[in-house]
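Hi,

Here is the structure I promised to pass on. Please open it first, then read my notes below.

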Amino acid sequence: MAIAKRKAVFTAEPDQLEQIRQLVDSGRYRTSSELIREAIDEKLERVRRDLLTEQVASYCDAGYADEDADLLAVQAFDRE
């Protein structure tokens with residue numbers, strides 16, 4: 001089942017709109033909406049990765065990574 005799309009309005013620089021039009025006219029994208037959806041997906045994925053990286057860095061900076069390393073080492077050799 002396809003999810004219904006919603007319309008949104010955005011503001012862009014004239015040169016950005018021209019580049020979008022050129023990509024659509026060249027056949028790279030069927031519509032400007034397709035290009036914009038792909039661009040949004042790519043940006044959201046980068047933001048998710050950046051947030052995860054920040055969370056891991058914060059976790060490590062708080063010293064938890066050292067505790068985890070010690071725990072993993074004990075568990076690795078504590079098999080009977």
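In which hand does α1 pass α2? The crossing is right-handed. A crossing counts as right-handed if the near helix is turned clockwise from the far one by less than a right angle, and as left-handed if anticlockwise.

First, the ground rules. This is a predicted model, where local features need pLDDT of at least 70, side-chain atom pairs count only at pLDDT 80 or more, and totals for chains, interfaces and linings use all residues. Residues are numbered from 1 along each chain as its sequence is written, and side-chain values use heavy atoms, with hydrogens and water left out.

The protein chain has three helices and zero strands. Its order from the N terminus is α-α-α. Helices (H or I, at least four residues) and strands (E, at least two) are DSSP runs, numbered from the N terminus.

The chain's average pLDDT (the predictor's confidence in each residue, from 0 to 100) is 87, and 82% of the residues score at least 70. Helix α1 is highest, at a mean of 98, and helix α3 (residues 64-77) is lowest, at 66.

Now the packing. Helix α1 spans residues 14-25 and helix α2 residues 32-61. They pack at about 115°, with axes 9 Å apart. Axes are lines fitted to C-alpha atoms, for helices over the stretch in contact, and angles run from 0 to 180 degrees between N-to-C directions.

Who meets whom? In α1, Ile20, Leu23 and Val24 touch Ser32, Leu35 and Ile36 of α2 (contact: heavy atoms within 4.5 Å).

Last, Ala8 sits in the segment before α1.

Best wishes
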